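Colleague: I would like to learn to read this model feature by feature. Please bring up the structure, and then I will start asking.

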Amino acid sequence: MKDARIEDIGKYEGLEVTLKGWLYNLRSKGKLHFLQVRDGSGIIQAVMFKPNFDPEFFKEVKKLPQESSIIVTGKVKKDKRSALGYELDVTGLEIIQKSDQYPIQPKEHSVEFLLPRRHLWIRSRMQWAILRIRAEIIRAIRDYLDDSGFLLVDTPIFTPAACEGTTTLFETQYDSHHKAYLTQSGQLYNEATIMAFGKTYCFGPTFRAEKSKTRRHLREFWMVEPEMAYAHLEDVIRYSEGMIMAIVERVLDRKKVELEILERDVSKLEAIQTPFPRMSYQDAVKILHEKGVDFKDGGDFGSEDETILSSMNHSPLVVHRFPSAIKAFYMEPDPEDDTYCLSVDFLVPEGYGEVIGGGERMSDPDLLLQRVREHNLPEDAFQWYIDLRRYGSVPHGGFGLGIERTVAWMCGIEHIRETIAFPRMLYKIYP
Ligand code: 4AD
């Protein structure tokens with residue numbers, strides 16, 4: 001008898017296999033029990049026929065609570081009616097643990113009810129599908145960057161200063177002499193590593209003490225940040241576009257079952273193609289004004305503005321050259337007009353908004369020092385960063401893609417809290 005996984009069950013047609021899993025649901029009719037069994041890789045219907053079992057045991061199974069752990073043995077049969085294409089004709093069942101009354105029933109529950117039970121909620125079909133798509137997106141990103149000559153370099157979590165604004169810093173007491181801050185981005189460190197390796201990326205958790213509760217913000221989120229030496233804004237846009245296409249194609253190709261569970265309208269994803277439409281910040285502002293939006297020129301886009309702009313096309317919208325005043329201190333000024341900078345945001349369709357932020361970095365040490373001062377950043381903590389412009393400075397740039405927003409978009413779900421196993425949000429840190 002073979003130990004099998006539900007996702008490979010097709011390989012075992014006609015054979016007897018053993019599945020180690022949990023009871024997802026149970027329905028009985030006459031001499032039959034229909035068990036929905038999940039093993040982590042999928043769900044299969046397992047059918048028990050009364051005459052094949054001890055009558056007492058058959059009765060006991062009927063009362064088996066949802067999420068009881070079971071080992072099921074049976075013969076794999078083709079079944080056109082099931083989504084999986086196969087079902088199991090049960091020959092043996094071993095109960096490992098009879099579950100206590102499981103709090104999450106296969107019906108609608110409110111998010112308020114589900115969030116504190118996240119440790120159990122992740123077993124549900126939709127959550128299972130979302131987290132599997134997340135893993136595939138991460139794999140697609142790594143493959144894309146590894147195949148494009150980027151070297152993975154892990155950057156620190158404890159940092160001595162801010163890099164993406166001082167209002168969202170998480171402070172910790174590092175030792176008796178120093179405070180430290182949880183990283184907001186690994187970018188600054190990878191501006192150092194590219195001078196050693198050419199093209200690098202970091203991929204890890206980043207932290208922002210966001211005070212607002214929105215469907216797009218978490219306090220701990222994962223970001224992939226590629227960085228390149230001898231690169232300009234155009235290169236940043238080209239690789240961002242390439243990465244988004246790699247993600248979309250991979251999810252469409254390998255995550256059909258999961259997309260179906262989520263009832264994702266895949267035609268929206270299939271319609272995406274390169275080159276993505278582009279516009280400057282100034283043109284974007286003009287469009288908002290033409291559409292009657294009361295938008296203050298020079299300000300940052302709010303989520304409504306992003307939704308309007310990104311709904312104009314099937315593919316993500318590339319907005320470039322934002323005002324320097326609303327972007328981070330390290331952005332290279334636009335040589336055409338230095339009140340703007342060589343920055344770029346990628347706004348994805350269907351109201352999901354910005355998933356990528358990036359740009360060309362400042363390469364002049366004197367101007368950079370001036371910006372550090374203007375932004376009231378601690379000069380001492382940035383000496384090493386300014387050094388990079390003293391020793392072999394080159395034009396360089398990169399970008400950061402937020403994993404959770406990308407997962408929400410790919411899955412077509414409302415809120416990013418479901419895109420990570422254990423979301424960290426304002427006033428919510430359990431479990
Ligand atoms: O635009 P951001 O702040 O850019 C940076 O941090 C740069 N250092 C990246 C770089 O150039 N290497 O953030 C980049 C992306 C956003 O587009 C968004 O997808 C995501 O990170 N992001 C968040 N996701 C969830 N919750 C939050 N609070 C987020 N803040 C940013």
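Colleague: Which residues in α13 are buried?

Modeller: First the terms. Buried means under 20% relative accessible area, exposed means over 50%, and partly exposed lies in between, with a 1.4 Å probe and protein chains only as cover. Helices are DSSP runs of H or I of at least four residues, strands are runs of E of at least two, and both are numbered from the N terminus. In α13 the buried residues are Ile403, Glu404, Arg405, Thr406, Val407, Ala408, Trp409, Met410 and Cys411. Nine of the nine residues of α13 (residues 403-411) are buried, so this helix is largely enclosed by the rest of the structure.

Colleague: What follows α13?

Modeller: Gly412 does, and its phi is positive, near 70 degrees.

Colleague: What kind of model is this, and how are residues numbered?

Modeller: It is a predicted model, where local features need pLDDT of at least 70, side-chain atom pairs count only at pLDDT 80 or more, and totals for chains, interfaces and linings use all residues. Numbering runs from 1 along each chain as its sequence is written, and side-chain values use heavy atoms, with hydrogens and water left out.

Colleague: How many helices and strands does the chain have?

Modeller: There are 13 helices and 19 strands. The C-alpha trace spans about 85 × 55 × 40 Å along its principal axes. Of the 431 residues, 54% count as buried.

Colleague: How do I read the contacts in the chain?

Modeller: A contact means heavy atoms within 4.5 Å. Take the contacts between residues at least 6 apart in sequence: 66% of them join residues at least 24 apart.

Colleague: Which residues come nearest to the ligand?

Modeller: A residue is near a molecule if one of its heavy atoms lies within 4 Å of it. There are 24 residues around the ligand, and Glu164, Gln187, Glu225, Glu354 and Val355 come nearest.

Colleague: Which strand gives the most to the shell around the ligand?

Modeller: β18 does, with five residues. β12 (220-229), β18 (353-360) and β19 (396-402) each supply at least two residues of that shell.

Colleague: Where do N or O atoms of the protein lie by the ligand?

Modeller: Read these as polar contacts, pairs of N or O atoms within 3.5 Å. The side chain of Arg208 has an N or O atom 2.9 Å from an oxygen atom of the ligand. A backbone N or O atom of Gly357 lies 3.4 Å from a ligand oxygen atom. For Phe399, a backbone N or O atom is 3.4 Å from a nitrogen atom of the ligand. Taken alone, the ligand exposes 630 Å², of which the protein buries 94%; the areas come from the Shrake-Rupley method with a 1.4 Å probe.

Colleague: Is Gln187 buried or exposed?

Modeller: Gln187 is buried, because its relative accessible area is 4%. This residue sits in helix α5 (residues 187-197). Leaving out residues up to four places away in sequence, Gln187 touches Glu164, Glu225, Glu227, Tyr330, Arg361 and Tyr385.

Colleague: What about Lys80, buried or exposed?

Modeller: Lys80 counts as exposed, because its relative accessibility is 86%. Lys80 lies in the loop between β5 (69-78) and β6 (86-97).

Colleague: And where is Phe113?

Modeller: Phe113 is in helix α2 (residues 111-114). Its relative accessible area is 26%, so Phe113 is partly exposed. Phe113 touches Pro103 and Ile104, not counting residues up to four places away in sequence.

Terms used:
Polar contact = N/O pair within 3.5 Å; in protein donor to acceptor, adjacent residues only side chain to side chain.
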